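The main points are grouped by topic after the display.

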Amino acid sequence: MNTRRTIALPSIRRIAIALAVVSAMLLIAPLAAACPNCKDGLAENSTEQAQLVQGYFWSILFMMSMPFLILGTFSSCMYVSVRRARNRQPGQADRDRRRQHAESE
């Protein structure tokens with residue numbers, strides 16, 4: 001019975017700490033929304049503000065596209081290297097396919 005209590009207490013403590021951290025972050029978020037100069041600058045309606053917003057737009061698009069670009073590049077490199085390895089051994093790939101087909105039957 002003691003083992004259950006010793007196991008339950010740390011998990012309750014972890015949950016309490018996690019809730020405290022999340023609530024602190026939610027309470028502090030409005031204060032850290034933006035630096036005062038950026039916040040005041042975006043409140044104005046001027047051409048400089050429009051250029052700043054457009055710059056934010058393109059930087060966000062760039063950052064969001066990077067994981068897909070990196071993963072796509074890595075996958076393409078792996079695909080090309082596997083194809084080249086198979087082309088270097090032309091009979092090996094056919095034998096492997098025949099063996100797999102024979103095993104599946």
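Of the 105 residues in the protein, 2% are buried. The model is predicted, and its accessible surface amounts to about 9900 Å². Carbon and sulfur atoms account for 66% of that surface.

**Secondary structure**
- The protein contains 4 helices and 0 strands.
- Read from the N terminus, the order of elements is α-α-α-α.

**Helix α3**
- Helix α3 covers residues 47-88, a run of 42 residues.
- From the first C-alpha of α3 to its last, the span is 59 Å. This value is close to the 62 Å expected at 1.5 Å a residue.
- A bend of about 35° occurs in α3 at Met66. A proline, Pro67, follows within four residues of that position.

**Nonpolar surface patch**
- A nonpolar patch on the surface is formed by Leu52, Tyr56, Ile60, Phe62, Met63 and Met64.
- Together, these residues have about 630 Å² of accessible area.

**Aromatic pair**
- The count of aromatic pairs is 1.
- The ring centres of Phe57 and Trp58 are 5.2 Å apart and the ring planes stand at 75°, so this pair is edge-to-face. The cut-offs behind this assignment are centres within 6.5 Å and planes over 60 degrees apart.
- Phe57 has a relative accessibility of 45% and therefore counts as partly exposed.
- Trp58 is exposed because its relative accessible area is 52%, and the exposed class begins over 50%.

How values were computed:
Residues numbered from 1 in each chain as written. Predicted model: local features only at pLDDT ≥ 70, side-chain atom pairs only at ≥ 80, totals over all residues. Heavy atoms only, no water. Helix = DSSP H or I, 4+ residues; strand = E, 2+ residues; numbered from the N terminus. Expected span 1.5 Å × (residues − 1). Bend = angle between axes of the 7 residues up to and from the residue. Patch = residues over 30% accessible without salt bridge, like charges linked within 9 Å, V, L, I, M, F, W, Y side chains within 5 Å. Areas by Shrake-Rupley, 256 points an atom, 1.4 Å probe, with all protein chains shown as cover. Salt bridge = Lys/Arg side-chain N within 4 Å of Asp/Glu carboxyl O. Phe/Tyr/Trp six-rings, centres within 6.5 Å; stacked < 30°, edge-to-face > 60°. Buried < 20%, exposed > 50% of the residue type's maximum accessible area, 1.4 Å probe, protein only.
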